[in-house]
Every structure is written in C-alpha cells, then in structure tokens.
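Here are my notes on the model, point by point. Have it open while you read.

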Amino acid sequence: MRRALAPALLSAALVAAWQLAASSGALASVLGLERFLVPSPAEIGSALWRDRGLLGENAWVTLRAVVLGFACAFATGVGAAVAMHLSGLVRRSAYPLMIASQTVPIIVVAPILVLWFGFGLLPKVVVVALVCFFPIAVATLNGLRSVDPEAIKLMRSLDASRAQIFTRLEAKAALPQLFTGTKIAIVYAPVGAVFGEWVGAGAGLGHQILVDNAQLAVPRLFAAVLVLSAMALALFGLVALVERRVVTWR
C-alpha cells in the first residue's frame, strides 16, 4: 500500500490539473489549438464508456497480434541466445548481425512485410516479434554468460556433464536477466502492433487511432491510447507476477 500510495496520489494530481486546464480552456490557449482538440479526462472517460464496444473489439485484435508476436519472439530469442552461448562460432557469426538488424527502423520494415504477407494478422505478428526479439535475446545471452566461473569449475570437479552444467547452473542463473529482457519486450510489443496496424489493417487500436485522427474524434483517440497503455501495463504485470513465482530467490 505504501508503494502504491505515492504514484496514485501523483497520478490523481496530474489528472486533476489536466482536467482543470482543459475544461477552462487554458491548455488549448497555451498550445494554440481549438478547445475540441484538447479533451479533458472527463471527456476521454465518457468516450471510453460510450464506445467501449468498439474499443474492446479493436483491443482484442491488437492483443492477439501482441500475444502471438511476443510468443514467437520469446521462443526465437531464447533459442538464439542458447545457441550463441553454447557455440562460439554461432555467437561470432550471428551476434554482429543481430545488432546490425536493430539499426533498421521497424516503421521502415513494416510496409515491406505488408507487401509480402498482405493486410492480415501475419505482418503484425512479425512486426511485434521483431520488436521483442532483441531485448529477450541479448538479456538471456548476458545472463547465461554471467555465471561465476568458479561455480562452473565446481560442477566440473563433481563430474557434471555439459548438459547438467547448463540446466542446473547456467539456465537458472540467466532467469533474472531473461525476465528483465522479457519485461522490456512486453512493454514495446503493443507499440510494434500499432506500427503494423498503421501501415495496413482493417481493425485494431492502431487502425482506430488513424480513423479517429482523420475524423477529429479526439476524445475517442485518447481513449484508444489509454486502452493501449492499460494493455501494456497489464501484460507487464503478468510477466512480473510470473517472475515472482519462478525466480523465487531474487
């Protein structure tokens, strides 16, 4: 309760200040905009409730792409990290390419994926996977390589095999960093899904944001952003809960 009280009070103060500034027109005046372009929290909450069905349908479309893309990134990221850890040749060959791949903006790759795979679910899943892959792979690899060399020597002195050293020592030692990379990735996963939907989609929160922007439905646009943020927070909390159950010694 003590940890939750401070951010709750700060959030309430910021929302109250936003409500006062928006309802009085002061915020629109400072930004040099029309008042209808600067909705108050009350107007956003009203749009959130009024269009809950529409927002819920689009949120489900985005959530499906997020979950599938994250699952693919988790499997490939952990697999790539294990392969690079176990094989020096794989690490020397693949690690520079993996870093170089991050220099290409995902917003540039997304249109190409839409051209290749169409306007369905697949390009969004691939975009999310590309966004999430790097933090998971790098964090897992660093965790695997952070094991105390003395502990490995001790395992070898007890006649442990390479597989036993990996499963009983290295894999467990890498779990904290694996979850750190996973929490970073899960927060960025909805952003990747929105990028994919901006390029080409008929549904999803990213598509809805574009529609609302074109129609100047600003309160509903902010409501869609709020739903997207709540989705990322919920997924982050779920990963943190799994971490507490798995990494019990941290």
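1. Leaving aside neighbours within four places in sequence, which residues is M231 in contact with? They are A59, T62, L63, V66 and L205, with contact taken as heavy atoms within 4.5 Å. Before going further: this is a predicted model, where local features need pLDDT of at least 70 and side-chain atom pairs count only at pLDDT 80 or more, while totals for chains, interfaces and linings use all residues. Residues are numbered from 1 along each chain as its sequence is written, and side-chain values use heavy atoms, with hydrogens and water left out.

2. M231 also shows up in the largest nonpolar core, which has 28 residues. M231, V66, F70, C132 and L205 are the ones with the most contacts inside this core. (A nonpolar core is a set of buried Ala, Val, Leu, Ile, Met, Phe, Trp, Tyr and Cys residues joined through side-chain atoms within 4.5 Å; buried is under 20% relative accessible area, exposed over 50%, partly exposed in between, using a 1.4 Å probe and protein chains only.) Two or more residues each come from α4 (52–86), α7 (122–144), α9 (162–199), α10 (205–215) and α11 (218–246), and α9 has the largest share, 8 residues. Helices here are DSSP runs of H or I, at least four residues, numbered from the N terminus.

3. Now the largest pocket, with about 330 Å³ of space. (A pocket is an open set of points on a 1 Å grid over the protein atoms alone, where a 1.4 Å probe fits, with protein on both sides within 12 Å along at least five of seven lines; lining residues have an atom within 4 Å of a point.) Of its 16 lining residues, S101, Q102, I106, L130 and V131 lie nearest the centre. α6 (106–117), α7 and α9 each give two or more residues to this lining, and α7 gives the most, with 6. By class, the lining splits into 13 nonpolar, 3 polar and no charged.

4. The second largest pocket holds about 190 Å³. Its lining includes W18, P41 and F222. α1 (2–24), α3 (41–50) and α11 each supply two or more lining residues, with α11 giving the most, 6 residues. Here the count is 9 nonpolar, 1 polar and no charged.

5. On cysteines: there are 0 disulfides (pairs of cysteine sulfur atoms within 2.5 Å) in the structure. For C72, the nearest cysteine sulfur is that of C132, 10 Å away. C72 is partly exposed, at 40% relative accessible area, whereas C132 is buried, at 0%.

Notes. Grid points are joined across faces, edges and corners, and a volume is the space filled by probe spheres set on the points. Ala, Val, Leu, Ile, Met, Phe, Trp, Tyr, Cys and Pro count as nonpolar, Asp, Glu, Lys and Arg as charged, and the others, Gly among them, as polar.
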